Amino acid sequence: MANMEYQMRLYASSKQISHSRFWCKMNDMNRTSPDSLYNQCKVFVAEHITLVDSLVGFPSDIAHEILHKIIQSGMLKRHRLNLASLTVLRLFCDAYSDVVLTSLNLGKQYTLLGKYLEHFQLFKQLKALDLTNCCISSDVEYLNYITELPCLQCLILKNNQLTDVSIQKLTMTYRFHKSTSPLSILDLSDNCTLTKEALKYLKCFSSLCALDLSGTSISVSY
């Protein structure tokens with residue numbers, strides 16, 4: 001009787017060991033199982049994104065995951081920004097312009113601004129732009145870049161080389177076409193060559209509620 005009880009316990013113990021080994025094997029299989037078809041598709045699209053014609057109408061949540069894969073690949077790193085990366089940015093900006101980028105700080109990044117201006121021009125839905133200390137003067141290319149941002153509400157141009165002519169060019173589009181600008185905050189401080197002549201050009205910014213002219217040649221009387 002005692003011997004039979006011993007055999008039964010031994011049998012039960014062996015079954016528990018087998019059961020544990022079974023689940024260990026199953027866990028190992030799960031850890032080493034191939035990627036899901038869905039994930040493989042995302043990787044494939046990310047690797048061949050330059051062959052895609054348009055993402056308009058494509059689900060934004062899936063597009064976000066694909067963009068994450070592209071970023072992980074390093075395609076959008078600064079040293080790899082080229083025609084291919086420009087194509088990729090254009091795809092996402094055309095389809096999801098209102099969520100891709102709304103605020104950009106390029107303060108003290110004059111070299112970066114000059115080298116990759118074409119890339120920055122894709123972000124049409126910017127609401128805030130900081131170009132502090134970027135050596136901007138009367139360069140038509142940079143001023144045109146600013147005027148082509150229809151949603152811009154906050155513009156920081158502190159400590160550049162702006163002149164009255166610069167402000168004239170900056171506001172030309174709005175003055176000539178009598179179009180309205182949503183710009184409400186404008187910082188022109190520390191542009192010492194600006195004079196009262198520039199003020200007449202700023203009148204076209206009818207939504208302006210905050211204007212910083214400190215460090216310029218314009219004296220404001222209260």
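**First stop: around helix α7**

Start by colouring β1 (103-105), α5 (110-115), α6 (117-120), β2 (128-130), β3 (154-156) and α8, which are among the elements that cover the buried residues of α7. Keep in mind as you look around that this is a predicted model.

Which residues of α7 are the buried ones? Select Y142, L143, Y145, I146 and T147 and you have them.

Next, show helix α7 (residues 140-147) together with helix α8 (residues 164-177). Their axes sit 9 Å apart, and the two helices pack at an angle of about 40°. That angle is why α7 counts as oblique to α8. The way α7 and α8 cross is right-handed. To see who does the touching, pick V140, L143, I146 and T147 on the α7 side, then S166, K169, L170, T173 and Y174 on the α8 side. Sort the residues of this contact by class and you get 5 nonpolar, 3 polar and 1 charged. Notice that L143, I146 and T147 turn up again here: they belong to the contact with α8 and are also on the list of buried residues of α7.

**Second stop: the sheet**

Now switch to the strands. How many strands does the open sheet have, and in what order? There are 5, running β1-β2-β3-β4-β5, and the pairing is parallel. Click on β1 and β5 (210-212) to find the edges, where each strand pairs on one side only. From one strand to the next, the twist averages 0°.

Zoom in on β2 and β3. These two run parallel and are joined by 3 bridges. For a landmark, select A128 and look across: C154 in β3 stands opposite.

Move on to S179, in the loop between α8 and β4 (185-187). Is S179 buried, exposed or partly exposed? Its relative accessibility is 29%, so S179 counts as partly exposed. Setting aside residues up to four places away in sequence, S179 touches T173 and Y174.

Finally, select K42, which is found in helix α2 (residues 37-47). Buried or exposed? K42 has 12% relative accessibility and therefore counts as buried. Show what is around K42, ignoring neighbours within four places in sequence, and you'll find contacts with E65 and I66.

Now widen the view to take in helix α3 (residues 60-73), which packs against α2 at an angle of about 60°, with the axes 9 Å apart. Because of that angle, α2 is oblique to α3. Here the crossing of α2 and α3 is right-handed.

Which residues make this contact? From α2, pick Y38, N39, K42, V43, V45 and A46; from α3, pick I62, E65, I66, K69 and I70. Colour the contact of α2 with α3 by class and you'll have 7 nonpolar, 1 polar and 3 charged residues on screen. K42, where this stop began, is one of the α2 residues in that contact.

Technical notes. Residues numbered from 1 in each chain as written. Predicted model: local features only at pLDDT ≥ 70, side-chain atom pairs only at ≥ 80, totals over all residues. Heavy atoms only, no water. Axes fitted to C-alpha atoms, helices over the stretch in contact; angles between N-to-C directions. Helix = DSSP H or I, 4+ residues; strand = E, 2+ residues; numbered from the N terminus. Parallel < 35°, antiparallel > 145°, perpendicular 65-115°, else oblique. Left-handed = near helix turned anticlockwise from the far one by under 90°. Contact = heavy atoms within 4.5 Å. Nonpolar A, V, L, I, M, F, W, Y, C, P; charged D, E, K, R; others polar. Buried < 20%, exposed > 50% of the residue type's maximum accessible area, 1.4 Å probe, protein only. Pairing = 2+ DSSP bridges.
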